[in-house]
Amino acid sequence: MGLDNLSNSLKDAMKKLAGKTVIDRAAVDELVRDLQRALLSADVNVKLVMQLSQSIKARALDEDLPKGINVREHVLRIVYQELVNLVGKEAELSLRPQKILMAGLQGSGKTTTTGKLCRYFQRKGLKVGAIGADNFRPGAYAQLETLCKKINVPCYGDPKEKDAVKITRDGLAALKDVEVIIVDTAGRHALEDDLIEEISQINELLQPDHRWLVIDAALGQAARDQAKRFHEAIGIDGVIVTKMDGTAKGGGAMSAVAETGSGIVFIGNGETIEDLERFDANGFISRLLGMGDLKALVEKAEEAIKPEDVDVNAMLRGKFTLNDMYKQLEAVQKMGPLKQVLSMLPLGGMNVPSEALDGTADRMKKFRIIMDSMTPEELDDPSLINTSRMTRVAKGAGATIDEVRELIKYYKMMQKTLKGFRGNRMAMNKMMKQMSKGGGDFGGMGPM
């Protein structure tokens, strides 16, 4: 699913090299062949794969060995750097007042992505508004309006008006008090002249700070024509690749970005309005290679966990209640699917089965339902929960007594873990500082 196959193939190729006793020309040739197979199966453009292969070979065999690392580490480092170059730089994005024009064909996920962008800027503390200028697809404005209502963001549109330029002009007047305006334009099933003419007119009126192209990852290399045509028409300066969680062709769509000469701004990898991730080339490749992305994980945690919700100091002093655990589970849920969160941890190439992840997510959900059936006193002092109380809680939650016991067992394990941190707070603080600096940089090959 998604780029999992590519990730597994890349990790296997790197492990094979790491296990060799001698790194010679034959070993480098074998590594390059493995990388070629992995990238071509992910629909990456053949020309780009060949360029990457030649660059890895030339650097691995001819480059002087840097001080402090051995040949194996040097080659692995080169592979990482060349893969980062392959997916391209991330596009610039600043958190300031701006206007953004969304382009793309029908079905690319443009309207959904517009709603996700509204949520992204809203979380960053900016006043956001959306304009539904898609007057071609029936229900486009209703869809955008529904998404915006969920997050209390103003949305302007007029389903009866056929002139998209007029809708945009009226929308600008209606949303004059917001800081970030995002315009959702019409798409078609194919690149037609009237579509290009319409978006060119909107671009001229809007004078946007950014013109972002939304590409469906399932298109693979076919996205190149879209990218080229839209770029010629309005000057694309950033690309958003959607549906990265559901296709093996994501490599082709990402490599198509080269047609615009710009970088990737975001990646869409889920159905909810929160499922939009700021693209970072280093973090993306690091994750593909199983080395995690602690920088992205810390950012997600900072957004999901508010200081007033979790008193870390109290926990480290031994005050950890079921209330605290409940807040932790809520925070993890806000961070997104567990599989996505785990991909940001440096698991050293370990593959966690999907069934195990699904089971864990269901288990955490069940724990929260059980805790909803407890009294405030029980949540604050779990020692009160005896057999008769367990029976009452289980009945109220539609659970078994064994499931309630499992929750209490999990709570005690968490409590014991936190107590273990008490005597090692300096080490913990040091670790958190490293994480906050964006630790896990694969460039030095330390985690490998």
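Leu48, Leu52, Ser55, Ile56, Arg59 and Ala60 of α3 touch His74, Val75, Ile78, Val79, Gln81, Glu82, Leu83 and Leu86 of α4, contact here meaning heavy atoms within 4.5 Å. The model is a predicted one, so local features need pLDDT of at least 70 and side-chain atom pairs count only at pLDDT 80 or more, while totals for chains, interfaces and linings use all residues. Residues are numbered from 1 along each chain as its sequence is written, and side-chain values use heavy atoms, with hydrogens and water left out.

The α3/α4 contact divides into nine nonpolar, three polar and two charged residues. In this scheme Ala, Val, Leu, Ile, Met, Phe, Trp, Tyr, Cys and Pro are nonpolar, Asp, Glu, Lys and Arg are charged, and the others, Gly among them, are polar. Helices (H or I, at least four residues) are DSSP runs, numbered from the N terminus. The axes of α3 (residues 46-62) and α4 (residues 71-87) come within 10 Å and cross at roughly 150°; axes are lines fitted to C-alpha atoms over the stretch in contact, and angles run from 0 to 180 degrees between N-to-C directions. The crossing of α3 past α4 is right-handed, that is, the near helix is turned clockwise from the far one by less than a right angle.

Then there is the pairing of α7 (residues 164-174) with α8 (residues 193-206), packed at an angle of about 25° with axes 9 Å apart. That makes α7 roughly parallel to α8. Here, too, the crossing is right-handed. From α7 come Ala164, Val165, Thr168, Arg169 and Leu172, and from α8 come Glu198, Gln201, Ile202, Leu205 and Leu206. Sorted by type, these residues give six nonpolar, two polar and two charged.

Asparagine 203 also sits in α8. With a relative accessible area of 12%, asparagine 203 is buried (under 20% relative accessible area, using a 1.4 Å probe and protein chains only). Leaving out neighbours within four places in sequence, asparagine 203 is in contact with Leu101, Pro208, Arg211 and Ile234.

Just after α5, glycine 125 takes a positive phi of about 90°.

Note on methods:
Helices (H or I, at least four residues) and strands (E, at least two) are DSSP runs, numbered from the N terminus. Angles under 35 degrees count as roughly parallel, over 145 as roughly antiparallel, 65 to 115 as roughly perpendicular and the rest as oblique. Buried means under 20% relative accessible area, exposed over 50%, partly exposed in between (1.4 Å probe, protein chains only).
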